[in-house]
Structures are given as structure tokens and as C-alpha cells.
Amino acid sequence: MMSLGGWMNKVLIGWGIDPKFADMFDETIIALLMVGLSIGLDYLCQAIFVGGMKHYTRRSPHQWNTLLMKRRVIHHLIHILPGILIYYLLPMAFVRGKELKGFVQVLQVLLFFIGGIIVVSVLIGKSPMTLFAGLGASAAVLMLVFKDSILGFVAGVQLSANDMLRIGDWIALPGGVANGVVEEITLNTVKIRNWDETISTVPPYTLVNNSFQNWRGMQESGGRRVNKNIFLDMTTLKFCTPEMLDNIRKEVPLMADYQPAEGEVPTNAQLYRIYIERYLCSLPVVNQEMDLIISQKEPTTYGVPIQVYFFSRNKVWKEYERIQSDIFDHLLVMVQKFDLKLYQYSD
């Protein structure tokens, strides 16, 4: 479902406004329109309901309706309607999914707090400012009581302002604390549904104070990275003879047109790396517009590692695992075609 901000963004761009300025002012324009709509709704309801009640009171005066009009009860009740309208429309004004739940909770706390002060001041016959002045002396106690809420609010502002976290993001916290999709962002907690269907809750300030990995960039990009090594037995690396080259051209179709550079005597590992690159370039599931690197790393006690680095177009977990498994099954079997062997540890 498109937000009101997204709709306004498209309208502004359709009018020929630069997308950069459209992104800057779309939400502001929607907010101003909502304020104007709320004011208009207030005047309309005043005209309909207050005007109707005045007409009814004049025609049929009773004690209850006379008091309602004298105390301006209907007038004040109607002022609630614009607030309700803004409350429900405000979350729809944001284009980039910035969450408002934490801010709404802060506003609720402030409103209840101020409302409580006003109620107490009316009951004891004191000015609300007198009570607020008295509370200043106990500010340290209040900060201690509301410490988590204050920290959560500040962290929520940072997460939202820097666009660090949204509902639906896949995030991973260090140490395996959580690894899943963000379901809810509130004043005091961020709820994450892990891949094993468990729920992890962490305070927002934990995400600000510590590092975490957000996979949104991968999900919005053109592919998901695959980075694995194939370990070759070092004792099987050798220069290719003309007979080996002819045999590889016959048995491996992708190498049929291969010709080494003049004066070059390629190794079988080199031909294998060339084959891997050609094979990956022939697969539609591999994104050819992103990095595709086949390289030989420093030899280790476990053999010579051949790094295979590419990006799968399909980013869905299940399909991604199937694609890379199929590719590496094929590459592992093709090793023998180049007179190579995989390294396998043995006592």
C-alpha cells in the first residue's frame, strides 16, 4: 500500500520537480495538507453540530441542552476530531517507512503526565506552574524512573533520522543474540522474529551503542553474494601438454575455442579457473553486472584455494542456497576433467 508521502512524491515528480527536492518536501506538504484538512474539518463540524444544537435548543429548550450550549461542551468535544484525524493519518505521511510508534508512545506519556498535573492542580486549587516548579527539584528522580524511556526515545530518534532500521529489515546482532526480521519498533524494545521462529527483544539503545548488520542493502541490490573456496590438491597442479589441451577442448564444450596466448604454457589450474568464469557467465541466475571474480589465494596446509566470488540474482534464502549448491556440485565434479584433485584431509 502506497503511503500519502509516496503519492505526493510521485505527483511532484510528475509535475517536473527535481526528485531531490521532491524527496525533501513531499512529507512536509502532506503534513501541511493534513493540518489544513483538520482545521477545515473542525470548522465544518462546528457549523453542522453546534449550529444544529443551537437550532434544536431554540426550538425545544431543556435544561440539559441549555447547559450543554452554555458550557460550550459541544464546541470543545468537536476539537477532538481533528486530533483523531491527524493521529490516524500521520503514519501514512511517511515515504520511507520511518516508524512513529515510539514517538507516539513518548507523546502519550507526555500528554498523560501533563494531564495528570492539570487534574491535580484543579483538585488542590493550585496553579499547574507551581506544581511544575516543584517537580523541577525532583528531576533527578524522574530521570531515573524514566531512564529506559528516555534512552529509548533518543535511540529511536537516531535510528529514524539516520534510516538505520525499518520494520521488515533483516538484521543480525553479534554473538547470535538475534538474526531475523524486525517486526515492531517501540519506545523500549525492538522485536525481531528469528529464522527459527523465536522472538528476540532488544532495547533500541543497544542497536545505537553497538554494531549490528542490516541486510536491507543486499535485498535492495541486484544480487546476493556467494563467496566460497574450492581447495585443490597442490600435487596435482602442472603445465598442460598439447595432448591435455586437445583432450580438454573435446570433453569440455565451454573450452572448445580456448587458445593460450602465444608463447604461454597454461597450467591445468589456470584452465580450471577460466572454465569456472565461463561457466558462471553462461548461467542466467548469476548477475553479470555485478562482480564476478575467480582467483587463486595463497596456498595453505589444506591445499590451493580457488576463490569463487559472484552474485546470485535470486536473493530468497531457499532458492539462493539451492542455486549455489547446484553450481558448486558441478564445479567440484568438473575438477577431474582438468586432471586435478580436490584436497581431502587424511591422517
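1. What span should the 18 residues of helix α14 (residues 317-334) cover at 1.5 Å a residue, and how far apart are its end C-alpha atoms? The expected span, taken as 1.5 Å times one less than the number of residues, is 26 Å, and the end C-alpha atoms are 26 Å apart, which agrees. Helices (H or I, at least four residues) and strands (E, at least two) are DSSP runs, numbered from the N terminus.

2. This is a predicted model, in which local features need pLDDT of at least 70 and side-chain atom pairs count only at pLDDT 80 or more, whereas totals for chains, interfaces and linings use all residues. Residues are numbered from 1 along each chain as its sequence is written, and side-chain values use heavy atoms, with hydrogens and water left out.

3. The buried residues of α14 are Tyr320, Ile323, Gln324, Ile327, Phe328, Leu331 and Met334; buried means under 20% relative accessible area, exposed over 50%, and partly exposed in between (1.4 Å probe, protein chains only). Because they cover an arc of only 120° around the axis, they lie on the same side of α14; the arc is that of the directions from the helix axis to the C-beta atoms. Lys318 and Val333 are exposed on the face turned away from the buried side. The buried residues of α14 pack against β6 (224-232), α13 (268-281) and β8 (304-312), where contact means heavy atoms within 4.5 Å.

4. The largest nonpolar core has 33 residues, of which Tyr272, Leu280, Phe310, Ile327, Leu331 and Phe338 touch the most other members. Such a core is a set of buried Ala, Val, Leu, Ile, Met, Phe, Trp, Tyr and Cys residues joined through side-chain atoms within 4.5 Å. Helix α13 gives the most to this core, with 7 residues. Leucine 280 is in contact with Val286, Gln288, Leu292, Ile294, Val308, Phe310 and Ile327, leaving aside neighbours within four places in sequence. A second, separate core of 12 residues includes Leu159, Ile171, Val182 and Ile192.

5. Tryptophan 195 is found in the loop between β3 (190-194) and β4 (199-202). With a relative accessible area of 38%, tryptophan 195 is partly exposed. Not counting residues up to four places away in sequence, tryptophan 195 touches Trp170, Asn179, Gly180, Val181 and Trp317. The C-alpha atoms of tryptophan 195 and tryptophan 170 are separated by 10.0 Å, the two residues being 25 residues apart along the chain.

6. Cysteine 240 counts as buried because its relative accessibility is 6%, whereas cysteine 281, at 42%, counts as partly exposed. A search of the whole structure finds 0 disulfides, a disulfide being a pair of cysteine sulfur atoms within 2.5 Å.
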